[in-house]
Structure formats: C-alpha cells, structure tokens
There are 2 protein chains.
Amino acid sequence: MTTIKALTGSLEDYLEAIYHLLHQENKARVKDVADHLQVKKSSVTVALRALAKQKLINYAPYGEVTLTLLGEKTAEDVVRRHETLKEFFITVLDVDAKQAEDTACKMEHVLSKEMTDKFIQFMEFIDICPRTGQDWVEKFHNYCGEKHASGDCKGCLNEVKEKIRLLPSVKTKEETLCALSSLKPGEKAEVVKIQHKGTFRKRILEMGVTTGAVLMVERMAPLGDPVDIKIRGYHLSLRKEETKNILVKILR
Amino acid sequence: MTTIKALTGSLEDYLEAIYHLLHQENKARVKDVADHLQVKKSSVTVALRALAKQKLINYAPYGEVTLTLLGEKTAEDVVRRHETLKEFFITVLDVDAKQAEDTACKMEHVLSKEMTDKFIQFMEFIDICPRTGQDWVEKFHNYCGEKHASGDCKGCLNEVKEKIRLLPSVKTKEETLCALSSLKPGEKAEVVKIQHKGTFRKRILEMGVTTGAVLMVERMAPLGDPVDIKIRGYHLSLRKEETKNILVKILR
DNA sequence: CTCTTTTGTTAGATATATCTAACTTTAAGC
DNA sequence: GCTTAAAGTTAGATATATCTAACAAAAGAG
C-alpha cells in the first residue's frame, strides 16, 4: 500500500505550476494555480489533495501550499524535461515560442531522464563541435525557409577551418580561460577546471558542474551574488565566491 | 453536432494498430488489435464503435474492420509522426530501439504537422550539409559515450573538405545523376528532376516528390515493381515505370 | 451437424480528470 | 468589527479509457 507510483501527467502539470508560482511569486494559491493551468479552482483542490497524499506538497484545506523536499526535486525534474524540449524546439528546430511551449508541455511527461540527457548532450555537441555551432543551426533555419538553399559551402568550409584553427590555442593558452564569475548573462562556457576541494567540490560535481560540461549564465544579481546558471538542463544558483574558482572556456 | 473533433490519443493508437495490421496481415480482428495494444478485447470493441462513429473505419458488430479513405489518411499521418520521432530518436539521438518506439508512441499524439516537418527537414539537413552527414552523427554518439571526446578535429576537417570538394562536380557532371529506378533498397537520394508531365507530375508533387526532397528506397519487389520509398516521412509505393523518369542524386 | 473452442459483445465497475453549482472560510473595505 | 467580496471547498455530474465477468456468435473438429 501507499506505493510510490509514478505521477500522472496531469499531476506533474500541477506540481510544475506550483513550482513556478512559488519561485516567481513566492506564493501558490489555489486561484493562481487554476489561472496558470486554465482549469477551475475545484480541480486544483482535488489535485492538491492528491499531491499532498504523495508527500510532494504540504497542504491542508485553506492552508498555504509549499513544496516538500521530494516535491521540489520532482518538480525540478519535470521542469528540466520541459525546458530541454522547449529549448530544442526553439533553438534547433526554429519552432515559434508558443508552439514550442505547448508541445513541450504535453511531451514532457513521457520523456525519460536518459532521453532528456541525450537532448541536452546533442545541443551541447552542436555548440561544441567545430563542424557545427550556431552558424550551422542558422543555415538549417534558412534551409527550412528557402526549401533548397544549397548555400555557400565554400564560405562555410572556411568558417569551420577557422574554428578548428583556433581550437588548439584554446587548449594551451591559459588566457582564453576565465573564472565563471567573470561571465556575463547569456554567455555560454565549457567547464575546464574546478578549483575547489572537499564537500563543496563534491556538491557541485553532483549538480552536474563537471569538466567538459557546458553551462550558460542566466542571471546575475546587481553585485554578482547569486549567479544563476543553467547546466545540463538544470538551473543552479551559486554564490559569487563559489564561481570564482570554477575555470571556464567561453564558447563562441 | 457531429463536429469533426480531434481524435484522442487513445483512438489514434487504435487507428494506428488497425492500419499496421491491415497492411501487414491483411486483417485487423478485434483480438489482433487487443494483442497489439495490450488491452482487453472489450476495450477494442468500444474503440471500434468510436472510430466508426467518426467515419474512420467501416465496422459493424461481428463484422470485418476496414479503413475508410479518411481513416487511411488519418492513420498515415499518425504513422508519419510516429516514424519521424522514432527515426530521430534512433538515428540522431542514438536511443535504443525499444525506448525510441515507446516514447514515439506516447509523443506522436501531440506533434503538429509543422513540427513533424521540421524534424524531417532537420534530419535531411544533417544528411545533406557537407559539414555534418552520418559521420558527424557518429561523432556525437561517441561524444555521448566517452563524455568528453574532443576528438580528431583535423581529420574531421579533411572529411568536410573532401565532401565540399566533391560537391560542385555533382552539380555539373550528369553521370552522378541516375534514375530513381536504379537505386537499391536502403539508398538515399535527393530528387533532382522530375521528367513527368500532366496529372502524374501533379500527383507525385503533391505526395512530396519535389526537387530537393530527400528520399530513401525502402523495398523493391523482385522485378522492381512496385518500389516502396519513404519521403518526408511518408511511405509511397510507385510503379517501376513511374520511377524511371525521376532523376536523383545518390547521397553519401 | 453437433460440440467445443475461439472470437466478439455487452453490461457494469473503477480510475482519472475535468466541470458546475452550492456552500464555507478568509480577507478587505469602510 | 461588521459586511461584502474573494478565495477555497465540497458534492455531484460528465467524459474517457480501462477492466472483469457473463453472455452470444462464428469457426473448427470430429
């Protein structure tokens, strides 16, 4: 009894909505959730009971809704699947934001962790491989529009050549490396060295900050603390102090 | 009333199963469908009634099940979405066949025509662009396995160079073109010229056989008639006579 | 041509996820 | 602090998609 059975897609949606509301508005009232998901309040009440029964949220009638630790973790996974699909649809397939959002919302429930990782790795690889990169992705978008833009392959080759020419220097010259703390929001980078020891090192490794991983700085508070980054599909918040000792190589 | 409302995911599954059974076994009995979808026969009966009500199948109690024209067309769309996702998962993301099949099965119901096209175009582009191609996809698969195989970029560059060097000759030398009829099963090609006139020209253009489209020969009957091809995610069956006047450029 | 097995149907139950409508609690206005 | 408005809950209805169990039709075996 009380088997930890998998969440239904619908309940995952409610959990995700609560997660977003709590992080963005600091409160997740029944009405907010109802508006967010475009359902009636009565449906939300039912869902909250179900989520509480599964120990994903703290909830009592008329009470405040908060996520349990398990709920937080579960919601993060759902969000990660969602964001991964959405990012792939928008940045790679060039689908418009609304359709990407809607489709990701429906597909997220059936994407395994393994496949989510594959999507993330694929986008990383497109970024990292000198043969591709953002300019290649753009060529694909043009191909879609013009239907048969065989394009300027010679010019393309030169771009690839140049990227490859620059490659070894990146590996030897330390100048091209910099601390994570010196990146600007929107910049992508590959983790080169983690100059931390002990528990903290272990903790950030567990969060996916490992050598070779590709990350992006999402936000930085006015004084640079905290720094929000996205890595392997997860959103992380690091203190500025912690980012100073992570060496990265800026991409592109 | 009797609005042509969208099929539910479940009914799409039944329709898809019927389509496959009819094409593979020439019959789609209640039991076959039940076994195929791993549900009880009573569930199938209910579903058949629903599909018949929507004019997608011909069905009467204890009678034979066949697809209506609308049903055939609808099923083809579902299959196309399914196959597209599955192909992307297997050939690009390198997901194992079973998981690709399962995930495609659940995701297919929420993929729009537009996004299906994008997936197909993306796979086409990977094939066509000299910067990528199958060798690039394989590099990605290695990258996934070894986690950080920065690999032999110089060698890679030479491959790209060679592909681009060969490119112009393809465009001028007629020798590299051949009739679709001379392809072997498994070979991929890009449509270069359709030497047909009138109704048939119009018909095959409608089916997606247009200049620049990438197709693959799936099967060829002993005497070469009919030829089954896959193009833009659709499966087509052409008579040998019809394939003689379609000029293609073999890929890879 | 009957008997048995297989196949197909029906009826009724269950689970999920919604809704509407009525009711209750909490919060806000003055 | 009372009154009203907003927010939240409950109960009961509906729709989908399943199931089990009992029954009916068709097919196969002798």
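DNA strand D is surrounded by 19 residues, the closest being A:Lys31, A:Arg49, A:Tyr59, B:Thr8 and B:Ser43, where a residue is near a strand if one of its heavy atoms lies within 4 Å of it. The model is predicted, so local features need pLDDT of at least 70 and side-chain atom pairs count only at pLDDT 80 or more, while totals for chains, interfaces and linings use all residues. Residues are numbered from 1 along each chain as its sequence is written, chains are lettered from A and ligands numbered from 1 in the order in which they are written, and side-chain values use heavy atoms, with hydrogens and water left out.

**Surface near DNA strand D**

- Of the atoms of DNA strand D that come within 4 Å of the protein, 71% belong to sugar and phosphate.
- Phosphate oxygens of DNA strand D lie 2.7 Å from a polar side-chain atom of A:Arg49, 2.4 Å from a polar side-chain atom of A:Tyr59 and 2.5 Å from a side-chain N or O atom of B:Ser43.
- Two or more residues of this surface come from each of helix 2 (30–37) and helix 3 (41–53) of chain A, and from each of helix 1 (9–24) and helix 3 (41–53) of chain B; helices are DSSP runs (H or I, at least four residues), numbered from the N terminus.
- Helix 3 of chain A gives the most to the surface near DNA strand D, with four residues.
- By class, the surface near DNA strand D has seven nonpolar, six polar and six charged residues, with Asp, Glu, Lys and Arg counted as charged and Gly among the polar.

**Interface of chain A and chain B**

- Contact, meaning heavy atoms within 4.5 Å, joins 52 residues of chain A to 52 residues of chain B.
- The two chains bury about 4,700 Å² between them, 70% of it on carbon and sulfur atoms; buried area is the accessible area (1.4 Å probe) lost by two parts on being put together, summed over both.
- In chain A, the residues that lose the most area to chain B are A:Phe125, A:Arg131 and A:Trp136, which together make up 17% of what that side buries.
- Two salt bridges are found across this interface, each a side-chain nitrogen of Lys or Arg within 4 Å of a carboxyl oxygen of Asp or Glu.
- One of these salt bridges links B:Arg131 with A:Asp135, whose closest N and O atoms are 3.1 Å apart.
- Helix 8 of chain A gives the most to the side of chain A that touches chain B, with 11 residues.
- That side of chain A comprises 27 nonpolar, eight polar and 17 charged residues.

Key: A polar contact is a pair of N or O atoms within 3.5 Å; within protein, one must be able to donate a hydrogen and the other to accept it, and residues adjacent in sequence count only if both atoms are side-chain atoms.
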